[in-house]
Amino acid sequence: MRKLLIGLCLSLLIIPGKAQEIPAVYSNIGSNEKGIFLQLENKRIYAIPPNDMFRFSDLYSNVTGTQKGLDFDFKYPKLNGTLFYGFINYKDGSYPQPVYFRESAPIINGKTNIPIAARLSGRYDMIGWEKSGQGVLGYRIVTSEGTILYDGKAAFSHKDGMFTSAATLVEGPFINKLTHEDLVISFTTSKEVKAYIKINDKIYRDRRACLNHQIKINKLEAKTTYPYSLKVGKFNFNFKFETAPLSGSRQAFTFAYGSDSRAGQGGGERNIFGTNAYIMKRIASLAKAEGAKFVQFTGDLIDGYDVSRERMNLQYANWKHAVEPYWHYMPFYAGFGNHEAYSYLFNDTVANYSYMIDHFPFADDSGESLFQDNFVLPENGPQSEDGSIYDPNPSIMDFPSYKESVYWYSYDNVAMVVLNSDYFYAPQGLHYASGNLHAYIMDNQLKWLKKTLKQLEKNKTIDHVFISIHTPFFPNGGHVKDDMWYSGDNRYRAMVAGKSYIEGIIQRRDQLLDLIVNESSKTVAALTGDEHNYNMLTINEEMPRYPENYSYEKLNLKRTFYQINNGAAGAPYYAQEKTPWMMNLRNFSTQNAIVLIDVEGDKIKVRVKNPDTLELIDEYTLRE
């Protein structure tokens, strides 16, 4: 997350009468006083405007106290529906969530109110606000069509018969970048405040009043549980975390893996505006119950594919809220997928075809920068694709940043290397506008991977390396038409400034496998997603992996490697498809799933469970 100390970024608008600078990496893209356009041979198509009906921050920041309770103005005049509400008792249980009251409030033209004094006093005062003079309400916005739009929080104080809206902890606290000696705790407040965290009588403070907070906690002892207290205004929030063991301690531990939690079918919390919150809650709670030390979740957190920054931020918030009660205690590491796309969209209504490219300016209004805004992740990856042989202008920054979407981290004797196979992603029409292909790893990221694996190979504290990437090397159900196979068509590749990459998708897949399988002895498995199912593929030299009449050099694999695909976190399912390698596939399942990886020294075992029914789907040993 970029360190935003003065508030949330709002939509960047094209100023009428002023052309916007176009990144040199694109082709046939222009700008004038009307906006961004795609220039085809005989016509010009302008990007669809975001048509924002609301600002995301207005869904939680405009609360006013009255004598009766709290008034809400979402500044969304077309919003009509229902507000469900209830207190959050932070002293009753470890994973606080709202307990909704039996009555609700109508939302009319974007406004509503909660009559706390009349409805939530006496026998319904479950948090003791009448005595303490303060409390926190949780609320849920449901539209008149039945869509759950947002789950929010509102803190208040009460004195001399008057309610007052207080600075509210609207997101977090989240545990991030955990090591054996330090971590970062992040959180978001509804108003600019100067907060602090107390651990063992030591105070860690914000440097200034802000909305988006990152507080680094350091000088900690390894493998130690630390209770911590977050102070926001007059409110205290108490949780705890455990530091990692010393690197190479080789103690037994478990971590969890999943991906693809975009909105599902079935109604209710299976679609809280862009994310399957129901299954994500189940995954997070089961991971915690199984004693997982961290959760790796790589790609398609949300529906995405949107032209609106505001709607994208709302979807990210809904995903974070789903796992928030457990993120207070352990880290969740997010990865980038194709549904994290925040794009310019050009609709050719005559040809009935749409073109999509990564939004820009890349530095602060792209899919990559929006991801950075929403998460706090390691910053040890490559800078960008600037300086590669395809860079049209080496003297300036032309490409998006890889910051926080390509990285690695370790826990004890395990390293996790997270890649981004949807960087600079052009979902449709890259042959005109340029952009990256879904599942294609570009040159500088490939070089960084080679360097990182070489370093990990020499690191004596690391025994096992996992590669997490959204797109499978070998798809099996749902994305056989693309991912790193494209139905066996090697002609697909990335394009920069109208110039195609030399290597096709299958060639680039083999270059990746050569680094991961042949040049490293520590890599165990690829943890992938994109396909909404669970399966495990044994990748070896005997496995068929090329199309008929493949004319390019083929890679010899020196050892066995595994691909564990788990895109079963709530997105609509995909069934198994026919592939050349299907005989090497184990236990294909369309159940919702969480992968639990148990590590004990040299041994690695895998358990796969349905987070909804708790059924054991699969179980096997990777290393013994």
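User: Before that, what kind of model is it?
Analyst: It's a predicted model, where local features need pLDDT of at least 70, side-chain atom pairs count only at pLDDT 80 or more, and totals for chains, interfaces and linings use all residues. Residues are numbered from 1 along each chain as its sequence is written, and side-chain values use heavy atoms, with hydrogens and water left out.

User: OK, how do H4 and H5 cross?
Analyst: The axes of H4 (residues 309-327) and H5 (residues 367-374) come within 11 Å and cross at roughly 40°. Helices here are DSSP runs of H or I with at least four residues, and strands are E runs of at least two, numbered from the N terminus.

User: Which residues make that contact?
Analyst: From H4 you have Arg309, Met312, Asn313, Tyr316 and Lys320, and from H5 Leu370, Phe371, Asp373 and Asn374. Contact means heavy atoms within 4.5 Å.

User: Is H5 buried or exposed?
Analyst: Eight of the eight residues of H5 are buried, so H5 is largely enclosed by the rest of the structure. Buried means under 20% relative accessible area, exposed over 50%, and partly exposed in between (1.4 Å probe, protein chains only).

User: What covers it?
Analyst: The cover over the buried residues of H5 includes H4, strand S21 (332-335) and strand S23 (353-358).

User: Switching topic: how many residues are in the largest nonpolar core?
Analyst: That core has 95 residues, and those with the most contacts inside it are Phe255, Phe466, Ile564 and Leu622. A nonpolar core is a set of buried Ala, Val, Leu, Ile, Met, Phe, Trp, Tyr and Cys residues joined through side-chain atoms within 4.5 Å.

User: What does Phe466 touch?
Analyst: Leaving aside neighbours within four places in sequence, Phe466 has contacts including Phe255, Val414, Met416, Ile597 and Leu622. There's also a second, separate core of 69 residues, which includes Tyr344, Phe424, Ile441 and Leu555.

User: Now the backbone. Where are the cis peptide bonds?
Analyst: One joins Gly172 and Pro173, with omega about 5°, and Pro173 is in strand S12 (residues 169-176). Another joins Phe360 and Pro361, with omega about 10°; Pro361 lies in the loop between S23 and H5.

User: And what's up with the phi of Glu404?
Analyst: Phi of Glu404 is near 70°, a positive value in a residue other than glycine. Most residues other than glycine have a negative phi. Glu404 sits in the loop between H5 and strand S24 (407-411) and is buried, with a relative accessible area of 1%.

Terms used. Axes are lines fitted to C-alpha atoms, for helices over the stretch in contact, and angles run from 0 to 180 degrees between N-to-C directions.
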